[in-house]
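Here is my note on the model. Please read the points with the structure open beside you.

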Amino acid sequence: MDLVSESTNRSYEVAASPIGTNTNNNHTIGNSSGSTPSRYENQKRRDWNTFCQYLRNHRPPMSVALCSGAHVLEFLHYLDQFGKTKVHNPTCPFFGLPNPPAPCPCPLRQAWGSLDALIGRLRAAYDENGGRPETNPFGTRAVRIYLRDVRDFQAKARGVSYEKKRKRPKPNIANATVPNSFTATPT
């Protein structure tokens, strides 16, 4: 996901934005203690840097403060070219088959779960960098609808449904009868 590694390209600089895009590579995302950042925090930082780099390369270049849900959708479409999940077109003979028997020319795309997790990390990173939750472009209705549509289409294309897992009901301990060997039996 890391399009431009900080170690390989330090030539980019960002205009100051109201939500804290750092130009000196001292990242504000992550934990404030001196401990090593978690895997999630590292991924969130990489995702944030990738999105900021995408905006800098955008024509015309754009700051995060001016970003909208439409720009987030452009970014998600851009990421599709790096996907590794085969998503069958409706005209493909293997459309709806979970395990196709032969290769086909259908495109590779980003998996729905990956996009959903990415948006979650970017929403958190936006808030951590000083953005107001009500202006968070990653939480717009258009982005939520897009993710839902991707989930539904990929489920149909693979023949697998993404249904929420239902929690098992907990056994009711109060009504359960437990044999007690210490109770006296009437004789």
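1. How exposed is E128, going by its relative accessible area? This is a predicted model, and in it E128 is partly exposed, with a relative accessible area of 35%.

2. Look next at the partner of E128. K44 forms a salt bridge with E128, and the closest N and O atoms are 2.5 Å apart. This pair links distant parts of the chain. K44 sits in helix α1 and E128 in helix α3, 84 residues apart.

3. K44 also meets E41 in a salt bridge, at 3.3 Å from N to O. E41 and K44 are three residues apart in helix α1, so about one helical turn separates them. E41 counts as buried because its relative accessibility is 16%, under the 20% cut-off. K44 counts as buried too, at 1%.

4. E41, K44 and E128 are linked in a network of salt bridges.

5. Now the two helices themselves. Helix α1 covers residues 39-57 and helix α3 covers residues 112-128. Their axes come within 9 Å and cross at roughly 80°. The helices are therefore roughly perpendicular to each other.

6. Check the contact residues. On the α1 side they include Y40, W48 and F51. On the α3 side, L118, L122 and Y126 are among them. By class, the contact has eight nonpolar, two polar and five charged residues.

7. One further pair deserves a look. R132 and E134 meet in a salt bridge through their side chains, at 2.9 Å from N to O. Both residues are exposed. The whole structure has five salt bridges.

Conventions
Residues are numbered from 1 along each chain as its sequence is written. This is a predicted model: local features need pLDDT of at least 70, side-chain atom pairs count only at pLDDT 80 or more; totals for chains, interfaces and linings use all residues. Side-chain values use heavy atoms; hydrogens and water are left out. Axes are lines fitted to C-alpha atoms, for helices over the stretch in contact, and angles run from 0 to 180 degrees between N-to-C directions. Helices (H or I, at least four residues) and strands (E, at least two) are DSSP runs, numbered from the N terminus. Angles under 35 degrees count as roughly parallel, over 145 as roughly antiparallel, 65 to 115 as roughly perpendicular and the rest as oblique. Contact means heavy atoms within 4.5 Å. Ala, Val, Leu, Ile, Met, Phe, Trp, Tyr, Cys and Pro count as nonpolar, Asp, Glu, Lys and Arg as charged, and the others, Gly among them, as polar. A salt bridge is a side-chain nitrogen of Lys or Arg within 4 Å of a carboxyl oxygen of Asp or Glu. Buried means under 20% relative accessible area, exposed over 50%, partly exposed in between (1.4 Å probe, protein chains only).
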